[in-house]
Amino acid sequence: MTLRKACTVAGAAARSGAGIQADLKTFQELGVYGFTAITAINAKHPSKEQGLFIQPLDAIEAQLLIMNEQNDIDALKTGMLFSKEIIELVANWLASTSIQNIVVDPVMFGKFGSPLLDFDAMETLKTKLIPQATIITPNMPEATYLLGGQKINSIEDLQDAARDLMQLGSKYVLVKGGRLQGPAVDILYDGNKMYKLEAPRIDTIHTNGAGCSYSAAITAELAKGKPMEEAVLNAKKFVTAGIKRFIPFEYAPGMIDHRAYKVYGEDEVQFNEI
Ligand SMILES: Nc1ncnc2c1ncn2[C@@H]1O[C@H](COP(=O)(O)OP(=O)(O)OP(=O)(O)O)[C@@H](O)[C@H]1O
Ligand SMILES: Cc1ncc(CO)c(N)n1
């Protein structure tokens, strides 16, 4: 069997729970080969004011060109892109390729609200990148910002947000309800059918990288040729297992364990059309 290739265009995260490192670990665990293009280095520490190092555009462009030299990328995800200029570069490059499966994780904030997207980049994200996406995977605050301030406080609000976000032009929308109370519910919508994914909530603060790894797992599954519904369900199982076996960190919330799915097997996730 040919080894499928998945690619991530995202920021590096020093603790490796989130960002490029999380993506690469996820690709490896799910059996696809991973390519990376690093847009920024996120190395925040409580004792340091600024730990975000944005990479020059020519460095990012060089990585994109190298990754796609053989024109054999099966699926690609974007994570932290930070600026209008980087989003434009990635969007223009994507339009020049024949990549079929494009997962856009519209990363805007770190776990505790540090900005990972420039305030003037939102419009470019919405008009240049998202229309090229096969699926977008916003969490609740990201969905709210993409929808110009629409509040999300319930599962019904997640459903409304999924419907409204379809207007931005992706083929599928996955709105993640990680910040709601109760079970961990996400909504998948294809413009026609709507699905609810539900996993038991795990009582932990160590969920760093859950979102990045979720979109990376969807990318890996799409690279293997899985249909979207199955790709999202497998990805949810992957991320739920990772949260369950979290890796605590001393002075800050720790991260998910990317090995968990392979080591301990899958967890119960309900997937129903609603
Ligand atoms: N405590 C938890 N127990 C079980 N599942 C959770 C928990 N917290 C989040 N999830 C699930 O993890 C996935 C990621 O969701 P979340 O909304 O936290 O994304 P995110 O904010 O983008 O994550 P991050 O910023 O940490 O990368 C979703 O499927 C969500 O339902
Ligand atoms: C580099 C990077 N990407 C994404 C996130 C969001 O979790 C983060 N904290 N850091």
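In which sense, left-handed or right-handed, does α2 cross α3? The crossing of α2 past α3 is right-handed; a crossing counts as right-handed if the near helix is turned clockwise from the far one by less than a right angle, and as left-handed if anticlockwise.

Before continuing, note that this is a predicted model, in which local features need pLDDT of at least 70 and side-chain atom pairs count only at pLDDT 80 or more, while totals for chains, interfaces and linings use all residues. Residues are numbered from 1 along each chain as its sequence is written, and chains are lettered from A and ligands numbered from 1 in the order in which they are written.

**The helix pair**

Select residues 57-67 (α2) and 84-95 (α3): these helices pack at about 25°, their axes 11 Å apart. The two are therefore roughly parallel, a term for angles under 35 degrees. Axes are lines fitted to C-alpha atoms, for helices over the stretch in contact, and angles run from 0 to 180 degrees between N-to-C directions. Helices (H or I, at least four residues) and strands (E, at least two) are DSSP runs, numbered from the N terminus.

Next, display L57, I60, E61 and L64 of α2, which meet E85, I86, L89 and W93 of α3; contact requires C-beta atoms, placed from the backbone, within 7 Å. This contact comprises six nonpolar, no polar and two charged residues. Nonpolar covers Ala, Val, Leu, Ile, Met, Phe, Trp, Tyr, Cys and Pro, charged covers Asp, Glu, Lys and Arg, and the others, Gly among them, are polar.

**The sheet**

Now colour the strands. Ten of them form an open, mixed sheet in the order β3-β2-β1-β4-β5-β6-β7-β8-β9-β10, where pairing requires at least two DSSP bridges between two strands. Select β2 (33-42), which runs antiparallel to β3 and is joined to it by three bridges; I41 stands opposite F53 in β3.

**The ligands**

Finally, select ligand 2, surrounded by 15 residues, with G11, A18, G19, N42 and M80 closest. The largest share of this shell, four residues, comes from β1.

How values were computed. Angles under 35 degrees count as roughly parallel, over 145 as roughly antiparallel, 65 to 115 as roughly perpendicular and the rest as oblique. Two residues are in contact if their C-beta atoms, placed from the backbone, lie within 7 Å. A residue is near a molecule or strand if its C-beta atom, placed from the backbone, lies within 6 Å of it.
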